[in-house]
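Keep the structure open while you read and look up each residue as it comes.

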Amino acid sequence: MKTNSLKHRVISVLLAVALSAISSMLLYGAARPSRPVRDTRVPAAASHFAKGQSALGLPFALSNNIILIQAKVNNSRPLCFMFDTGANSSVINTGLVKELNLKLGARVQGKPAGGHVEAEVISGVSLSIGGATASNQTIAALPLDVFSAALGKPIAGIIGYDFIKQFVVEVDYAAKVMRLYRPTNFKRPVKGEILPITFINRKPFVKAKIKLAGRDPIEGTFMIDTASDGVMSVNAPFVKTQQMLNSVSNGRQTNSAGAGGVSKSIVARVQNIQLNGFIINNPLVEFSLATEGNDTISSYQGLLGGEVFRRFTMTIDYSRQRIILKRNRYFDEPVEVDMSGIDLMAEPDDFKTLVVNEDAAG
């Protein structure tokens, strides 16, 4: 399933527009909400563990390199959440708001090209993964059924920035377990390379290089996006200014539809990508041809996805503005691509019926 294109053509519109509005509201106060709110002041976020200073051995599943983990909302039943470093706010599916008895607050709106986005802000929420809880969270309510159809199971929400920053999060892709630590008690692993990160709109970024045939490596700033399934996606302005398409061959065009319309890109293999001292050879890279939306942003050059990070144990330490990467047994695996030529979606409510969403020419 083309979850990478799904994420960045559909939910990018929702998250980038609605969550940017929410992010601004959290930082600067609610400006012109469409629904009056009695009091926008929210208690400071906090975290605690059921036992000790950590929560270890928390199992997760990988679906097309996307992390799915069980979480609770205000002591609810366990629900399936996506773990997404590319989300600047945590999210709950609007279909669960009533069941979970959540109280909607301000409504924020955005108008991307070709669509209209509206999200509800919910304050004072507790999110728990295993024995680790982040309380007083402010989250967004957005429709996420498109993810459920793509991933073949009900997706209740997205774990984003406000939860992640409360902990040091160790993601062991090989063992498919997550470990959460209190930042003040965390000690750096004996092995692993430290990569400094910076933040843009509450999203983490790292320096990386792309090596095209016959050219020196080109460095850029790329988002760390654990909810994207691919290797690297390059934003359209960087593709154009660096004339990257002149240096790739055998590329294929893809069309992806979202709330902002249809976006085009070229997918092709490059010589390698370089992340600090790590080199991934012959990967598939997506070169955006977009004329609107997130892929036209020039303040950063693109994103790195789960096909990169599944090759490591990745420690996410926002408190020290760093990630730590330790390669695992998957590091030298080749980057493969689905060759079936079809994009499948699962129909609710049982997700046992599959439909062909799109088929490739030829």
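1. Start with the contacts. Among those between residues at least 6 apart in sequence, 67% join residues at least 24 apart. Bear in mind that this is a predicted model.

2. How much of the protein counts as buried? Of its 362 residues, 54% do.

3. Now look inside. The largest nonpolar core has 71 residues, and Ile 92, Leu 180 and Phe 287 have the most contacts inside it. Apart from that core lies another one, made of 16 residues, including Leu 142, Leu 151 and Ala 227.

4. Two residues have a backbone angle worth a look. Asn 201 isn't a glycine, yet its phi is positive, at about 50 degrees. You'll find Asn 201 in the loop between β13 (198–200) and β14 (203–211). Is Asn 201 buried or partly exposed? Its relative accessibility is 34%, so it counts as partly exposed.

5. The other one is Gln 321, also not a glycine, with a positive phi near 50 degrees. Gln 321 sits in the loop between β23 (312–317) and β24 (322–327). With a relative accessible area of 43%, Gln 321 is partly exposed.

6. Last, check the peptide bond between Pro 348 and Asp 349: it is cis, with omega about 10 degrees. Asp 349 belongs to the loop between β25 (342–347) and β26 (353–359).

Terms used:
Residues are numbered from 1 along each chain as its sequence is written. This is a predicted model: local features need pLDDT of at least 70, side-chain atom pairs count only at pLDDT 80 or more; totals for chains, interfaces and linings use all residues. Side-chain values use heavy atoms; hydrogens and water are left out. A nonpolar core is a set of buried Ala, Val, Leu, Ile, Met, Phe, Trp, Tyr and Cys residues joined through side-chain atoms within 4.5 Å. Buried means under 20% relative accessible area, exposed over 50%, partly exposed in between (1.4 Å probe, protein chains only). Contact means heavy atoms within 4.5 Å. Helices (H or I, at least four residues) and strands (E, at least two) are DSSP runs, numbered from the N terminus.
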